[in-house]
Amino acid sequence: MMTAWLLLLAGLLGLAVGSFLNVCIYRIPLEQSLAYPPSRCMACQRKLSWFENVPVLAWIVLGGKCRTCRTSIPAVYPLVEAFTGVMFVWAAWHYGPGWMLFSRLLFGCSLIVLFFIDLHHRILPNVITIPGTILGFVLSFVTPPGWVSSLIGLVIGGLIPLVLAELYLRIRKIEGLGMGDVKMLALIGAFLGWQLVLLTLALASFMGSIVGVGLIVARRGDMKLALPFGTFLAIAAMVAAVGGDALIAWYMTLYR
Ligand SMILES: [Zn+2]
């Protein structure tokens, strides 16, 4: 019974945090304040009433449209809120109260914001990656993988891609990995440790090539069209955070 209440609380908190993540996704690339002005309709600029700010529910009740100007509100907004809510419930159930829960939720929220900002703007803002890397390292003193693995992880995440990016630039004369990707890898390394940041890099590269080849086959894009690698990194890091240890353990059994 106690657990059910705790999970409900986690879900409600997650929905509210998801609503804040939408604000981050929309405003950080525009370099706007997160606190002011309060939420407005993006089309008619009218300030939203309290009930229009209720996560997920407001969007459903209003039929996905602004109450006054009838402009469609993209479904991605309630989806971010719902996904964050589910993530909070799952994490609360899986980790239980404690530093690990706090660390994983902070990490998950950063990944959600980076996923969408990179998808829409092809940037990975320093205001998320740099403080995120520091917090990830600090939290590793009280959570797995421990500070040694976290430190190696953030160096591997930052250093190896930096060398690769430099080589890529010299050989192909084009920028393969941006500095934003490198900083995001350092963030992932700080939170997950060195084994899982390498797994993340491998998974993201694999996903990126599958989608890239798919786009070329479908003639929807050409080789020069840069895919937002941070978007793949975000998905891969979530997979690594949830199932990475199991995946590595399974992989090791293949060589026994
Ligand atoms: Zn409006």
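C44 is partly exposed, with a relative accessibility of 33%. C66 is buried, at 3%. Here buried means under 20% relative accessible area, exposed means over 50%, and partly exposed lies in between (1.4 Å probe, protein chains only). This is a predicted model: local features need pLDDT of at least 70, side-chain atom pairs count only at pLDDT 80 or more, and totals for chains, interfaces and linings use all residues. Residues are numbered from 1 along each chain as its sequence is written, and side-chain values use heavy atoms, with hydrogens and water left out.

Helices (H or I, at least four residues) and strands (E, at least two) are DSSP runs, numbered from the N terminus.

Ideal angles at a metal are 109.5 degrees for four tetrahedral donors.

**Salt bridges**

The structure holds 3 salt bridges. A salt bridge is a side-chain nitrogen of Lys or Arg within 4 Å of a carboxyl oxygen of Asp or Glu. Side chains of opposite charge can pair when their charged atoms come close.

| Pair | N to O distance |
|---|---|
| R46 and E52 | 3.0 Å |
| R67 and E52 | 3.4 Å |
| E166 and R170 | 3.3 Å |

E52 is buried, at a relative accessible area of 10%. R67 is partly exposed, at 38%. The R67 and E52 bridge links distant parts of the chain. R67 is in the loop between α2 and α3, E52 is in the loop between α1 and α2, and 15 residues separate them.

E166 and R170 lie in helix α6 (residues 147-172); they are 4 residues apart, so about one helical turn separates them. E166 is partly exposed at 38% relative accessibility, and R170 is exposed at 60%. Elsewhere, salt bridges with shared partners join R46, E52 and R67 into one network.

**Helix α3**

Helix α3 covers residues 76-95, 20 residues in total. From its first C-alpha to its last it reaches 27 Å, close to the 28 Å expected at 1.5 Å a residue. The expected span is 1.5 Å times one less than the number of residues. Its buried residues include Y77, V80, E81, M87 and F88. Just after α3, G96 takes a positive phi of about 75°.

**Helix α5: T133 and N126**

T133 belongs to helix α5 (residues 126-139). At 13% relative accessibility, T133 is buried. A polar atom of its side chain lies 2.6 Å from the backbone oxygen of T129. For the backbone nitrogen of L187, the distance to a polar atom of the T133 side chain is 3.4 Å. A polar contact is a pair of N or O atoms within 3.5 Å; within protein, one must be able to donate a hydrogen and the other to accept it, and residues adjacent in sequence count only if both atoms are side-chain atoms. Not counting residues up to four places away in sequence, T133 touches L154, K183, A186, L187 and A190. Contact means heavy atoms within 4.5 Å.

N126 also lies in α5. N126 is partly exposed, at 37% relative accessibility. A polar contact of 2.8 Å joins its side chain to that of K183. N126 and K183 are 57 residues apart in sequence, and their C-alpha atoms are 7.9 Å apart.

**Helix α9: T231**

T231 is in helix α9 (residues 229-253). T231 is buried, at 6% relative accessibility. A polar atom of its side chain lies 3.4 Å from the backbone nitrogen of L119. Leaving aside neighbours within four places in sequence, T231 is in contact with F115, D118 and L119.
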